[in-house]
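Please view the sequence and the structure before reading on.

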Amino acid sequence: MKFQQAKWDEALLFERSRAGAIGYSFPAVSKAVQQALPKPTSTLPKDLRRSTPPSLPELSEPEVMQHFVRLSQMNYCVDLGLYPLGSCTMKFNPPMNEEVIKNPQFSLLHPHQDCSTLQGILQIFYELQQWLSEITGMDDFSLQPAAGAQGELAGVLIIRAYHADHGNLESRREIIIPDSAHGTNPASAAMAGFDVVVVPSNEQGQVDLKALESAVSEKTAGLMLTNPNTLGLFEQKIEKIAEIVHKAGGLLYYDGANLNANLGRVRPGDMGFDIIHTNLHKTFATPHGGGGPGAGPVGVKASLAPYLPIPVIVFDGENYSLDIERPKSIGRTHGFLGNAAVLLKAYAYIMRMGWQGLHAVSDHAVLNANYIMKKIQGFQGFSVPYASGVWRKHEVVISAKQLEQDTGVNARDVSKALLDRGLHAPTFYFPSIVEEALMIEPTETFGKAELDRFIDAFREIVEQAYTNVDIVCKTPQNTAIDRLDEVKAAHPRTMALTWRMFQQSQK
Amino acid sequence: MTDFRHSFLPTVGEQETEILAALGIKSIDELFSDIPSKFQLKTRLKIPDSLSEIEVTRKIAEQLAQNWKSPKGEGFLGGGVWHHVIPETVKAIVNRTEFLTAYTPYQSEISQGMLQALFEYQSLIAELVELPVVNASMYDWASALGEAALMASRVTKRQKFLVPNLIAPNRRGVLNTYTNPAGMNIDSIGYDPVSGQLDLEQLKTLVDKDTAGVYFENPAYLGYLQSEVDAMAEITHDAGALLVVGIDPISLGIIRAPGNYGADIVIGEGQPLGSPINMGGPLLGIFASRDERKLIRQLPGRIIGLTTAQSSGQRGFVMTIQAREQHIRREKATSNICSNQALSAVTAAIYLALLGPSGLVQIGETILQLRHYAERQLNALEGVKAPIFKAPHFKEFVFQIKNPKHSNSAGLPIRTVLKSVQERGILAGIPLDQSFPDFGQSALVCVTEVHTQAAIDSLSKTLQQTMEGRQ
């Protein structure tokens with residue numbers, strides 16, 4: 001397929017600015033209001049008055065529209081095609097959900113309203129808590145965390161609160177994390193005040209039980225794990241893992257980033273996990289918005305419910321209300337209820353899928369990942385490290401190490417060459433236990449034709465790598481811009497993080 | 001299961017058979033055969049049956065109709081998330097699928113649109129706050145405060161952080177959640193009961209060589225402005241601490257930029273810049289700092305930088321100084337944040353591009369006038385005092401209910417008053433009797449450009465009727 005992304009030579013808003021242009025105006029206030037305070041800024045104390053307006057650009061409304069529409073044309077999105085970033089679950093985001101949140105009976109709702117005026121939305125969120133509990137095998141949920149990483153932080157803080165409550169926080173200082181874990185896991189553990197102990201994966205790409213056994217001790221606070229793991233492999237010894245950690249007095253935390261593999265098939269709560277966060281912007285189809293907002297509700301087994309972040313939505317049989325009286329709670333993680341609009345979209349998605357649809361989602365997500373593995377593992381230069389012959393779940397990690405050794409074309413080059421063919425690249429160089437890693441998660445959203453387009457692109461890139469390396473190394477050419485100088489961007493002498501900083505450096 | 005079809009799922013019939021054949025298996029079940037059988041779910045999830053689109057939208061509309069609906073438009077609730085006008089062009093752009101359904105711009109060459117939009121967001125905020133370094137967003141003001149305290153502690157290697165006594169209880173709650181594990185001490189700065197202004201003499205005694213940062217807000221949670229900002233900066237910097245200032249960006253057309261009076265870190269809530277209230281989320285945490293290496297190295301979150309292309313030399317944008325972040329630095333990262341509020345940041349960028357300097361000045365002045373008018377109308381009512389603080393205000397103020405016959409004692413409970421005003425169609429304010437009992441029977445009222453004179457007159461008239469009806 002031929003592909004050419006738009007290449008607008010689009011100046012910054014600041015460079016397009018023309019003195020006097022306006023892009024919006026507000027109505028004048030009424031006479032009475034005007035007369036009550038004719039010179040409004042004169043009421044401000046001198047040391048708080050802004051002497052000159054901020055140096056914002058001046059543009060008309062059509063110019064602003066043009067500018068951003070041009071920018072949008074230089075941005076790939078999942079509505080254009082496969083976006084196979086591993087552990088990111090880039091699936092179809094139903095337009096229906098965007099309409100649902102536009103309802104003024106949601107968009108104008110204020111979180112400081114009395115609960116008696118919010119019964120409709122509180123019922124929705126209460127049901128969402130229950131549905132997430134059912135899907136994950138947990139007993140209770142708090143919807144508050146604003147993203148997956150904040151859900152993780154909340155989860156590890158629950159571990160902390162649990163040990164503090166049992167008088168063990170002084171001694172239980174360690175969180176155990178496999179070497180294949182998402183980077184947010186150790187970062188969240190550290191933010192919650194714990195030391196991180198890394199356990200290696202074994203030759204099958206799973207948690208090394210012997211290493212785990214020697215890692216646990218009376219210092220263990222808990223284990224953070226995702227299942228299937230970042231290699232897309234189901235941790236088959238999960239029962240034993242849970243037993244080892246629980247026996248040592250630790251809790252089991254489930255990183256929900258990889259939940260799309262499990263819907264209707266297997267539940268973290270049944271496998272022995274005590275705490276979970278879910279990424280609604282992954283498994284539950286809310287759009288990622290170029291980096292957020294997401295939502296990372298955190299769920300627990302009943303015994304840990306007292307520690308959930310407040311507020312939790314409760315139902316007394318007649319009324320829905322916000323429970324903020326949880327003395328053992330880890331407290332608040334967000335100013336209000338979290339990313340409420342994202343929660344409503346996820347609710348609509350679950351309702352639209354139903355139990356049958358959720359089950360089919362995981363079936364097709366896993367089917368697609370294995371199809372890609374099967375096809376690509378036969379290509380020269382590529383291998384699928386760890387657990388050969390074992391089915392992957394929602395994602396597969398392949399290695400371009402041989403290709404790199406044979407031709408000099410590395411995982412980055414392959415990624416850039418994919419961009420040139422109108423496909424997004426996989427996650428690269430992660431997990432770090434695989435050299436020249438390409439981590440591919442196709443999701444259920446794409447059918448065989450789009451998967452074949454991806455596989456064909458791979459085949460073509462491999463052929464080029466072995467016959468004409470230069471072509472691959474010069475990619476991308478068909479995107480809005482060629483490869484960017486990342487060193488320059490991060491170098492203290494050339495660093496420009498805003499237009500203001502750039503201009504100051506030019507002086 | 002086999003005959004279940006869904007419009008979101010393209011793999012059906014022959015296609016599925018072909019893939020199964022390529023894998024050499026007969027059914028999808030085989031792909032899950034490595035899961036220990038005791039964990040394989042034997043029963044269906046207790047989730048309702050799949051519904052069609054129209055059934056879902058109808059059902060949710062019915063559920064949302066259970067919420068109370070004002071016959072009189074937006075109410076007067078603020079307190080951290082506020083009603084503001086949203087230009088249609090903001091909505092049109094931000095709902096474009098190219099922005100909406102993209103991931104974090106890991107592959108910069110194919111994601112220049114989002115990268116440039118985020119760089120422009122950073123650049124526009126930099127002009128508002130007059131600080132040259134801005135990140136690509138935090139979750140909300142509250143978590144930005146938590147991250148700012150942690151950053152101040154890392155930069156100064158000190159553990160004490162001072163905050164005003166009168167800050168939003170939920171914001172203070174999040175601050176505690178973020179800073180407790182790090183062992184930081186959060187101390188409160190007292191205030192003058194008449195003006196609400198921070199007690200500078202007390203601040204001088206509180207600031208010491210263990211103080212990482214001093215935080216205050218402009219406007220404060222209860223709506224008034226904090227002056228003597230230069231003195232605050234001096235006291236803070238003399239002790240080697242960082243000055244952290246919280247702002248409402250929509251005020252910065254007319255209010256002095258914190259970067260201009262010595263703020264080292266500026267945080268705030270970007271929701272007013274084009275995002276709906278949406279029951280309190282998504283919000284937009286603003287985070288800016290001075291251009292100094294020891295600060296930049298400690299920043300939390302994603303940052304977009306300007307650079308050039310390697311071969312064409314063309315200008316472009318990338319995510320940068322990522323060595324601070326969790327995917328590289330893991331447990332040594334400055335923060336665990338990964339997904340942020342990128343689309344809300346783009347929303348703010350579009351909003352600010354439309355308003356420009358004159359729009360931002362106009363909205364600031366309009367808000368000042370409308371709030372002043374509301375304050376005056378309410379204060380004219382018998383038994384109502386507004387505002388309770390003798391200080392300039394921006395868009396919010398506190399009014400207090402007193403029994404006119406017994407002017408020294410508390411009159412009607414504020415919640416009773418607010419409830420009966422609500423029964424007449426208006427959400428008049430946030431009751432403060434529980435969160436700030438020192439101020440008696442009082443409420444926080446927010447007035448913005450969405451409110452007309454008629455709406456304000458209706459508020460004061462309804463409040464008057466309520467008070468009279470009860471007396």
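In helix H17 (residues 499-506) of chain A, the buried residues are Trp499(A), Arg500(A) and Met501(A). A residue is buried if 20 or more other C-beta atoms lie within 10 Å of its own, exposed if 12 or fewer, and partly exposed in between, with C-beta atoms placed from the backbone. The model is predicted, so local features need pLDDT of at least 70 and side-chain atom pairs count only at pLDDT 80 or more, while totals for chains, interfaces and linings use all residues. Residues are numbered from 1 along each chain as its sequence is written, and chains are lettered from A and ligands numbered from 1 in the order in which they are written.

**Cover of helix H17**
- The cover over the buried residues of H17(A) includes helix H1 (13-16) of chain A, as well as helix H5 (112-129) and strand S1 (133-134) of chain B.
- Helices (H or I, at least four residues) and strands (E, at least two) are DSSP runs, numbered from the N terminus.

**A sheet in chain A**
- An open sheet of 3 strands has the order S10-S12-S11 (chain A), with antiparallel pairing.
- Strand S10 (396-399) and strand S11 (427-428) of chain A are its edge strands, each pairing on one side only.
- S10(A) pairs with strand S12 (residues 437-440) of chain A over 4 bridges, in the antiparallel sense; two strands pair if DSSP finds at least two bridges between them.
- Ser399(A) has Ala437(A) in S12(A) as its bridge partner.

**Chain B as a whole**
- Chain B contains 14 helices and 13 strands.
- Of the 471 residues in chain B, 62% are buried.
- The C-alpha atoms of chain B fill a box of roughly 85 × 55 × 50 Å along the principal axes.
- Of the contacts (C-beta atoms, placed from the backbone, within 7 Å) in chain B between residues at least 6 apart in sequence, 72% join residues at least 24 apart.

Conventions:
Contact = placed C-beta atoms within 7 Å.
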